[in-house]
Amino acid sequence: DYGTGGDFFVCAMWTTPPPSPPANDECAGAVLLPVGSGCTWTNGTSSYATQSAVPITNLCDAQLVDNDDVWYRFVAPPAALTITVDGDGNGTTGYDAVFALAYATGCGDTFNQLLDCADATGPGGTESVEVDFLLPGTTYYIRVFDAGAQNPVPGTFRICLQASNSTSINDGATEGLRTLWSDAANGRYRFQLPTGSRGAVSLD
């Protein structure tokens with residue numbers, strides 16, 4: 001109204017129902033990923049995903065927009081682990097993947113232990129990190145999303161977890177030492193202490 005004006009109402013509606021979000025849109029639906037000696041890809045998408053109510057503190061960059069995040073989980077092996085997310089395309093059409101590795105006791109807990117984060121490439125690129133500090137047998141979570149504010153369609157990517165060629169020894173007789181394993185690929189030995197341990201360590 002050009003003059004003094006008055007109240008009015010505006011209505012916006014879908015002519016068809018909006019698409020459903022992916023099954024792993026929220027942490028409770030996190031997809032269990034296999035861990036193998038080779039890279040076995042699991043296909044994923046975040047098309048029509050919504051921003052999770054579960055926060056993960058200190059993501060890679062405060063400028064990232066995690067409005068279309070989806071969730072995965074895995075059980076840590078007694079070996080170093082490589083996590084890879086492939087953006088499934090080229091610089092024009094590919095998914096600009098970002099992923100965060102975090103730990104919490106469950107989806108209802110606060111994910112305040114951000115263990116690693118990957119955002120090194122652009123659209124269609126491949127993000128990858130190697131972690132060798134996870135506690136074997138413990139469940140960890142991976143949150144994948146597109147770096148931009150737009151919700152990409154089709155928004156497809158693929159993810160895999162690959163364990164190194166290693167053997168492990170669980171020392172149940174010693175309270176301090178949890179796990180010791182050797183990595184045949186590089187000849188290194190690794191050991192895992194209980195979470196929160198501090199001070200000097202002596203190995204005989």
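Is arginine 158 buried, partly exposed or exposed, and what is its relative accessible area? Arginine 158 is partly exposed, with a relative accessible area of 29%, where buried stands for under 20% relative accessible area, exposed for over 50% and partly exposed for the range in between (1.4 Å probe, protein chains only). The structure is a predicted model, in which local features need pLDDT of at least 70 and side-chain atom pairs count only at pLDDT 80 or more, whereas totals for chains, interfaces and linings use all residues. Residues are numbered from 1 along each chain as its sequence is written, and side-chain values use heavy atoms, with hydrogens and water left out.

Arginine 158 takes part in two of the arrangements described here. The side chains of aspartate 86 and arginine 158 meet in a salt bridge at 3.1 Å, N to O, a salt bridge being a side-chain nitrogen of Lys or Arg within 4 Å of a carboxyl oxygen of Asp or Glu. This pair links distant parts of the chain, with aspartate 86 in strand β5 (residues 81–86) and arginine 158 in strand β10 (residues 156–163), 72 residues apart; strands (E, at least two residues) and helices (H or I, at least four) are DSSP runs numbered from the N terminus. Aspartate 86 counts as buried at 13% relative accessibility. The charged end of arginine 158 also sits over the ring of tryptophan 41, 4.1 Å from its centre, under a rule that asks for NZ of Lys or CZ of Arg within 6 Å of the ring centre and within 35 degrees of the ring normal.

Side chains of opposite charge can pair when their charged atoms come close. The count of salt bridges comes to three, and arginine 143 has a part in a salt bridge with aspartate 66, at 3.1 Å from N to O. Because arginine 143 lies in strand β9 and aspartate 66 in the loop between β3 (42–45) and β4, this pair ties together parts that are 77 residues apart in sequence. Arginine 143 is buried, at 1% relative accessibility, and aspartate 66 is likewise buried, at 12%. A salt bridge also joins the side chains of arginine 143 and aspartate 69, at 2.6 Å from N to O. Since aspartate 69 is in the loop between β3 and β4 while arginine 143 is in strand β9, the parts tied together by this pair are 74 residues apart in sequence. Aspartate 69 is buried as well, with a relative accessible area of 0%. Through shared partners, salt bridges join Asp66, Asp69 and Arg143 into one network. When residues up to four places away in sequence are not counted, arginine 143 touches several residues, including Ser52, Pro55, Trp71 and Phe99, contact being defined as heavy atoms within 4.5 Å.

A pair of aromatic rings is described by the distance of the centres and the angle of the planes. A search of the whole structure finds seven aromatic pairs, for which rings of Phe, Tyr and Trp (its six-membered ring) must have centres within 6.5 Å, with planes under 30 degrees apart counted as stacked, over 60 as edge-to-face and the rest as tilted. One of these pairs is formed by phenylalanine 74 and tyrosine 140, which are stacked at 6.0 Å centre to centre with 25 degrees between the planes. Phenylalanine 74 lies in strand β4 (residues 70–75) and tyrosine 140 in strand β9 (residues 139–146), so the pair ties together parts that are 66 residues apart in sequence. Phenylalanine 74 is buried at 0% relative accessibility, and tyrosine 140 is buried with a relative accessible area of 6%.

Phenylalanine 111 and tyrosine 141 form an edge-to-face pair, at 5.2 Å centre to centre and 90 degrees between the planes. Distant parts of the chain are linked by this pair, with phenylalanine 111 in the loop between β6 (97–103) and β7 (113–118) and tyrosine 141 in strand β9, 30 residues apart. Both phenylalanine 111 and tyrosine 141 are buried, and ring pairs link Trp71, Phe111 and Tyr141 into a cluster.

Glycine 36 lies in strand β2 (residues 35–36) and is partly exposed, with a relative accessible area of 25%. Glycine 36 and alanine 163 are 127 residues apart in sequence and 5.8 Å apart in space, C-alpha to C-alpha. With residues up to four places away in sequence not counted, glycine 36 touches Leu161, Gln162 and Ala163.
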